[in-house]
Amino acid sequence: MRKTIVAGNWKMNGTSESIRTLLADLIAGVPAVEGLVTLVCPPAVYLSQVKAQLGEAPVEVGAQNVSAHPLGAFTGEWSLAMLQDLGCDYVILGHSERRSLNGETDAEVAEKVAATLAAGLVPILCVGETLAQREAGETLSQVAAQIDAVLQRVGTEGFASVVIAYEPVWAIGTGLTATPEQAQEVHAAIRAQLAGSDAAIADKLSILYGGSMNAGNAAELLAQQDIDGGLIGGASLKADEFLTICAAAAESRK
Ligand code: PGA
């Protein structure tokens, strides 16, 4: 069975104090279930603090971005070696906010995925269509093109260690959520795209849904055959909401 992953993308939120409280609540309530990975992705400046507080708790830590360069004159960036040094195992890459606000291209995202795989960390590759693309009937072709750019760079074998997050751009932070059927259609298409070259890798691939997933809608999204978890923004900042989603994910594995 594929892994189910519930990842909190805290984006640029939190203080050392609010993070201490949130994590204490998460540690107290997180379900320890075989095959379920619970993950938090704090702002990079808090990674050390989070890692130290988690100790042996069954919660993994990820970054929200990384440079593809190994080191050097890249002011404001951090490297994979630094994330390794902090004990960070996952990296969100190609989030739509980085694509739209920081101009990250498919080629740059592919380069980051390749560097992350080479360093032995797990990339969480974000893909998704804008509202205009959905309305133009271009959802599946847009998502396929974003994945293809990475496939060209790391090959299908690379996807044995990649997690994909399908995040419709129009659903991120808007309170609008893809219906379970809309999400399932895209998730199934992503799996079919990979299955075209390697059915076993496609079958093992965890494909997360992201975009206003919350305590109220998680269970029905996670019940879909090809939805293997969630990448949660706003709802991951509230321990009770996030833990309800984790519980729904644990339930979806039964
Ligand atoms: P949201 O964010 O849950 O607040 O919509 C999801 C994301 O951007 O990863």
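Student: Which residue stands opposite Y166 in β6? Kindly describe that strand closely, and then the surroundings of the ligand.

Tutor: Residue V127 stands opposite Y166 in β6. Before going further, please note that residues are numbered from 1 along each chain as its sequence is written, and that side-chain values use heavy atoms, with hydrogens and water left out. This is a predicted model, in which local features need pLDDT of at least 70 and side-chain atom pairs count only at pLDDT 80 or more, while totals for chains, interfaces and linings use all residues.

Strand β6 comprises residues 163–166; helices (H or I, at least four residues) and strands (E, at least two) are DSSP runs, numbered from the N terminus. In a regular strand the side chains alternate between the two faces of the sheet. In β6, V163 and A165 lie on one side and I164 and Y166 on the other, and all of them are buried. Buried means under 20% relative accessible area, exposed over 50% and partly exposed in between, with a 1.4 Å probe and protein chains only.

Strand β6 also has partners. Two strands pair if DSSP finds at least two bridges between them. Strand β5 (residues 122–127) pairs with β6 in the parallel sense over 4 bridges. Strand β7 (residues 207–210) likewise runs parallel to β6, joined to it by 3 bridges. Y166 stands opposite Y209 in β7, as well as opposite V127.

We now turn to the ligand. It is surrounded by 13 residues, of which the closest are K11, H95, E167, G173 and S212; a residue is near a molecule if one of its heavy atoms lies within 4 Å of it. By class, this shell has 4 nonpolar, 7 polar and 2 charged residues. Here Ala, Val, Leu, Ile, Met, Phe, Trp, Tyr, Cys and Pro count as nonpolar, Asp, Glu, Lys and Arg as charged, and the others, Gly among them, as polar.

An N or O atom in the side chain of H95 is 2.6 Å from a ligand oxygen, and a polar side-chain atom of E167 lies 2.6 Å from an oxygen atom of the ligand. For S212, a polar backbone atom is 2.7 Å from a ligand oxygen. Taken alone the ligand exposes 280 Å², and the protein buries 96% of that; accessible areas come from the Shrake-Rupley method with a 1.4 Å probe.

Methods: Polar contact = N/O pair within 3.5 Å; in protein donor to acceptor, adjacent residues only side chain to side chain.
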